[in-house]
Amino acid sequence: SSAASDVYKRQAMACMAGFFLAGSSSLEARRTVKVLASVGFTFRSLLFSLMALSTILAVSSAIIGVSLGILVPTLISAVMSIFLKLPYIRPMAYESMYLDVLWYFLLLFICFFTGFIRGLADVISRD
């Protein structure tokens, strides 16, 4: 069905974005790890810090992304209905939306964390 293919398209786009996110977080992690290691963080505390940072970034990214995904089309529809007299289209919220948000959070967490771990491994291998 069309609704199922739309879900798969969104998930595929999220996966592709996640791969790029992992690469950029890897670059950022190198700088972060160097700073934290110079301050005296142990390997265990570095891992915990990177996991906490990944969680915070994933939660905020998922919330902002889903909010913008609903807010922006709704705002565009409202403006179009006011100025061009087109019918207003309600925002698309559905029952299983929380599963998509959970999926995006997990994907973002994995991408951030693997990128950070890759940066950590790069810094350790160069020392």
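A: Here is a quick tour, from the overall fold to single residues.

A: This is a predicted model, where local features need pLDDT of at least 70, side-chain atom pairs count only at pLDDT 80 or more, and totals for chains, interfaces and linings use all residues. Residues are numbered from 1 along each chain as its sequence is written, and side-chain values use heavy atoms, with hydrogens and water left out.

Q: How many helices and strands does the protein have?
A: Three helices and zero strands. The pattern along the sequence is α-α-α. Helices (H or I, at least four residues) and strands (E, at least two) are DSSP runs, numbered from the N terminus.

Q: What share of the residues counts as buried?
A: Of the 127 residues, 25%. Buried means under 20% relative accessible area, exposed means over 50%, and partly exposed is in between (1.4 Å probe, protein chains only).

Q: What part of the contacts comes from residues 24 or more positions apart?
A: They account for 81% of the contacts with a separation of 6 or more. Contact means heavy atoms within 4.5 Å.

Q: Let's talk about the inside. Which residues have the most contacts in the largest nonpolar core?
A: V33, L46, L50, L108, F116 and L120, in a core of 14 residues. The elements giving two or more residues to this core are α1 (2–39), α2 and α3 (97–126). α3 gives the most, with seven residues. A nonpolar core is a set of buried Ala, Val, Leu, Ile, Met, Phe, Trp, Tyr and Cys residues joined through side-chain atoms within 4.5 Å.

Q: Zoom in on L120. What does L120 touch?
A: Leaving aside neighbours within four places in sequence, L120 is in contact with V33, F43, L46, L47 and L50. L120 sits in helix α3. Its relative accessible area is 3%, so L120 is buried. L120 and T32 are 88 residues apart in sequence, yet their C-alpha atoms are 8.9 Å apart in space.

Q: What about V123, buried or exposed?
A: Buried, at a relative accessible area of 8%. V123 is also in α3. Not counting residues up to four places away in sequence, V123 touches R30, V33 and K34. The C-alpha atoms of V123 and A37 are separated by 9.9 Å, although the two are 86 residues apart along the chain.

Q: Switching to charges. How many salt bridges does a search of the whole structure find?
A: One. The side chains of D122 and R30 meet at 2.6 Å, N to O. D122 is in helix α3 and R30 in helix α1, so the pair ties together parts that are 92 residues apart in sequence. A salt bridge is a side-chain nitrogen of Lys or Arg within 4 Å of a carboxyl oxygen of Asp or Glu.

Q: Now α2. Where does helix α2 run?
A: Residues 43–83. At 1.5 Å a residue, its 41 residues should span 60 Å; the end C-alpha atoms are 58 Å apart, which agrees. The expected span is 1.5 Å times one less than the number of residues.

Q: Which residues in α2 are buried?
A: L46, L50, S54, A58, A62, V66, T74, S77 and S81. Take S77, with a relative accessible area of 9%. Not counting residues up to four places away in sequence, S77 touches P87, Y88 and I89.

Q: What happens just after α2?
A: K85 takes a positive phi of about 60 degrees.

Q: Last topic. Which residues form the nonpolar surface patch?
A: I64, L68, L71, V72, L75, I76, V79, M80, I82, F83, L84 and L86, with about 1,200 Å² of accessible area together. One of them, F83, is exposed, with a relative accessible area of 64%. Patches are made of residues with over 30% relative accessible area and no salt bridge: like charges are joined within 9 Å, nonpolar side chains (Val, Leu, Ile, Met, Phe, Trp, Tyr) within 5 Å.

Terms used
Accessible areas come from the Shrake-Rupley method with a 1.4 Å probe; for residues, only the protein chains shown count as cover.
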